[in-house]
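Open the model in a viewer and keep the selection panel at hand.

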Amino acid sequence: MTKSITRTGLTRRSVLRGATALGAAALILPAGMRAASAEPKKGGILRIGMGSGSTSDSLDPGSWADAYTQVFATSRHNYLTEIDADGALQPEIAESWEASADAATWTFKIRQGVTFHSGKALDAEDVIASINHHRGEDSTSAAKPIVEGITEIKADGSHTVVVTLESGNADFPFIMSDYHLAILPAKDGAIDPASTDGCGAYVLDSFEPGVEARLTRNPNYWKTDRAHFDGIELLPIVDGAARQNALISGQVDVIDRVDLNTVHLLKRAANINVLSVTGSQHYVFPMDSRAAPFSDNNVRMAIKHAVDREELVEKILNGYGTVGNDHPISTANRFHAGDALEQRTYDADKAKWYLKQAGMDSLDIELSVSDAAFGGAVDAGVLMSEKSAAAGINLTVKREPADGYWSNIWMKKPFAASYWGGRPTEDWMFSTAYKSGANWNESFWENARFDQLLAAARSELDNDKRREMYVEMQGLVRDEGSTIIPMFANYVMAHSTAVVTPEKVAPNWTMDGFRVAERWWFA
Amino acid sequence: MAHVWRMIAQRLALGFLTLFVVSLLIFGATELLPGDFAEAILGQSATPETIAAIRRDLGLDLPFHTRYIGWLSNVLQGDFGKSLANQQPVIELISKRLGNTLFLALYAAAMAVPLALILGILAALFRNTVFDRMSNALALTSISFPEFFVAYILILWFAQTGYFPSIVRFSPGIGFGESLYRSFLPALTLTLVVTAHMMRMTRAALINLLASPYIEMARLKGMSPMRVILRHALPNALAPIINVVALNLAYLITGVVVVEVVFVYPGLGQLMVDSVSRRDIPVVQAVALIFASAYVLLNLTADVLSTLSNPRLMHRR
Amino acid sequence: MSILISIFWFAVAVVGAMALGWLFRAFVVAVSPQRQAQEMRTAPLTASFGLLVILIYVLVAALAPIIAPFGESEVVGGEFLPWDSTYLLGTDNLGRDMLTRMIYGARNTVGIAFTITALAFFVGTVLGLLAAVVGGWLDQVLSRSVDVLMAIPSLIFSLLLLTIFGTSVLSLVLVIATVDATRVFRLARSVAQGIVVMDYIEAARLRGEGKWWLITREILPNAMAPLVAEFGLRFCFVFLAISGLSFLGLGIQPPTADWGGMVRDNATLITFGDLTPFLPAGAIALLTVAVNFVVDWQLHKSSGLKE
């Protein structure tokens, strides 16, 4: 690659202009640039055991929510853009893109010669219909808030799409890589959400929700260096032990969400590799900042200091993760504060001191948890309860039913467990869950300075200034925010040694950024 | 015989009433569950506008009674509707899984019922011997382990060693023998789970009769103990045994969701739990009706068989 | 070879258990007054072993805070420490002492299971007997309601109710007791129906005895045997129901130790041949076997068989 776009080296200019300078050359090289010795081989059927997937899964892109549907979708569909293993943006269906000076109008050039599985040639109409599926008054899509900033989207010729935004957003092409925004064929200006047709690496043979999906390689796939398997079988195996056993007994080749309690035992098994990727996935405990006692920042700081992060990573993640510093930006992000912010540690005395500041000697609070929030949430609550007792905080753990957790507990109870898969950009993460009044601002935290910085950073040109602003925002969330972010959890997968992975596996989502079917191969 | 027919007719009518009440109860309970389909399907990604849009689309914003009556009138016309989640016709979703569930239930029953009867009869015959105590203790141990735990142990012994598959996959076009082989472990798990109950009831029912005067008489006439049990005690002990067998068969059809989860067996239980958690009411209702009908029919069969097996009940009045 | 060794140890365990049973029987016979001693002397070894186990469980449950080396939810060290002299049974996935959890588990699990079973039997038996004695519309209403409840699979039923009412211990007890009471009701009713047509009941009715007298003095004693047998199994099914619910994330609230939940939490270890989950599972199994050995003894006594 003549001009490598890396995590640190990604400039605003390169995002703005996309891959125009790279042209076709960028496409020949696979994302993770491997040693020549590991030349991918074609062939074989990859059987994937996923820890999610249910009988109610649907083909509608607006409904995709768990890793099963996401990997399934990414195997058969393409997107405008793709995030590579280094976290950098790569062109996919959009060959290149360009922004207006205020970053409010974006022009995407659509790749020529791409066809859907049905044989239909892909053009700008398909792209527009696919994105419009998530927009508008009647949209039922989970991705609606993501595309809400779009005021107009129209074709300029058969292979150019012009998107107008409410306000400038330098990271807009990143958003176009979101897993919901798959490109489907348009008919009369709309896509059929029940259609199985796509332009991705694999063609769907059969899909029985909650049982299995079978796909075979798309013989006309435009990426010649990707999609090495002859076919894919995706099995939902929700029970952790069943998933591991299926791998051990050779009934599947890859599994995700390895049970962390027994991962050390799985490692000993012959012919199995455990793959752990440090990503942006983090586990959080938002406190309702509008409700007493959490409305007092001293109380929030007391609780934050009463959490033993090392112990949580050690016991809940079995070491497969890193401690969090009460802000949601991961080391995989471009503008992670790093050493600029001191790591917060367990300190019962400091916690007591903050309680005193709030005028309290002791504090009684209830934490709502469920393993629906994240695996091990209940145990994490128990550990937090044990450790915070020394600081005079009586934390009662309440296990809530997993069923209905997100609609009934999350953002309804004042103090609850939650998780975030993470977002590829700081702006996306912050404006999703920390901006005042954002839909998913789970702690209902409002901070004028933070909002101001967020808006400014979004259209800031200078990378150093941008970094400065994002670091200040991380500090604000850490010291004034209303969310405890004690740990970043690795994506832990396991595969048989017959499967070869690229040298670098993408950290943005599980299963190599959902692209396991496209990027991996059999030895 | 006439009153048996009358009983069947009466019980079937009551059965329909039961089904109706069950459908109302389940509909109501699903309504009371926190959140509806729109909230459940969007989960963490829900926003007020998208929730409202989904409700509008699917008519979830209509009042409870309107939706229930609408559902009921459609069902009475034979239309079970479409799944809210993926728009597939409910009948289509269910038919294949119903087949799988019945297959597994019959498979397990075919192993468990003879085993339980034989063990129960032998235990009654050799009551209070080492054999009796050991078979009892083993059967009790096997039911006091939770199902998933029994399943994991069987997986450790039989699947990791490569004898049997640990997850059940019915590929298209596999033969009957292959199906039996692939679903052996779940069937064995269920066998271990239900055998003890039936075996102990058989043993208890038989022992209960052994003190009766007519058994004493048969014994005094010098009949062999085995013959006494098979010819004289067993026919009179059939009613409770048939009842407990029916109860366990109903369990095998309706209660095996945990085993389905562990062995990834595509049965109705998993469909029911998934649909409850997504508040997919048409599917929940249809599966609940199937479960309830299975229970009603098995119960009825058990009562008819008990009546037929008992001359006193047959020739009443 | 390994099979032979397992059989050997199994035999040792059985012989040991019987020896314990024999010792316990001799002890009880020696210390108790004439009548109980007489009764106990006829008890088979299995039954006296069962009694001994139940007694130990009750003691452990009652004295849990005194015997347990650590606090119920106290984190004492790293996770999954091996068995040693400090942590006799090692530690669990959060670094809590396993022995302590087992001891408190006895208290919580046995306590809850006993409460549920007792409640279910009280409600189920009273309603079942009433239905049989009164008959008519009461019988119809009760029987049809029970039919409806039983037609809903119990796991789904509990899942719905617990999600609606939350998973406090109280609602757990009430929900499982409701489910179990329907089963008890059916049994009690069918047994009692066989009894109410007997001549001695007719005679008592003619004497003008009240319904309550009929139920407690005439019917209940004669219906005891099948009810006791059912009690033994129902007691065990309650443990299973709790652990099945914890499989769906609806069990007893943390950090309360309960055996069903402990089996669930450690169950995956068994697929790697690690025996940790056998501790709570074995504790449940041992209690089940013990209770049913005693039940068998009582059944045998009430059957009137001499040998």
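A residue counts as buried when its relative accessible area is under 20%, taken with a 1.4 Å probe and protein chains only. The model is predicted.

**Stop 1: chain C as a whole.** Select chain C and colour by burial: 54% of its 307 residues count as buried. Switch to the C-alpha trace, which spans about 70 × 55 × 40 Å along its principal axes.

**Stop 2: secondary structure of chain C.** Show the cartoon. Chain C has 12 helices and zero strands, so the pattern along the sequence reads α-α-α-α-α-α-α-α-α-α-α-α. For contacts in chain C with a separation of 6 or more, 66% are between residues 24 or more positions apart.

**Stop 3: surface and charge of chain C.** Next select the charged side chains: 18 are positive and 20 negative, with the centres of the two sets 10 Å apart.

**Stop 4: a helix pair in chain B.** Select residues 225-254 of chain B, helix H11, together with residues 281-309 of chain B, helix H14. How far apart are their axes, and at what angle do they pack? The axes lie 9 Å apart, and the angle is about 170°. Angles over 145 degrees count as roughly antiparallel, which is why H11(B) is described that way relative to H14(B).

To see the contact, show side chains on both helices. On H11(B), the residues involved include Pro235(B), Leu238(B), Ile242(B), Asn243(B) and Ile253(B). On H14(B), they include Phe291(B), Tyr295(B), Leu298(B), Asp303(B) and Ser309(B).

Note on methods
Residues are numbered from 1 along each chain as its sequence is written. Chains are lettered from A and ligands numbered from 1 in the order in which they are written. This is a predicted model: local features need pLDDT of at least 70, side-chain atom pairs count only at pLDDT 80 or more; totals for chains, interfaces and linings use all residues. Side-chain values use heavy atoms; hydrogens and water are left out. Helices (H or I, at least four residues) and strands (E, at least two) are DSSP runs, numbered from the N terminus. Buried means under 20% relative accessible area, exposed over 50%, partly exposed in between (1.4 Å probe, protein chains only). Contact means heavy atoms within 4.5 Å. Lys and Arg count as positive and Asp and Glu as negative; His and the chain ends are not counted. The place of a charge is taken as NZ of Lys, CZ of Arg, CG of Asp or CD of Glu. Axes are lines fitted to C-alpha atoms, for helices over the stretch in contact, and angles run from 0 to 180 degrees between N-to-C directions. Angles under 35 degrees count as roughly parallel, over 145 as roughly antiparallel, 65 to 115 as roughly perpendicular and the rest as oblique.
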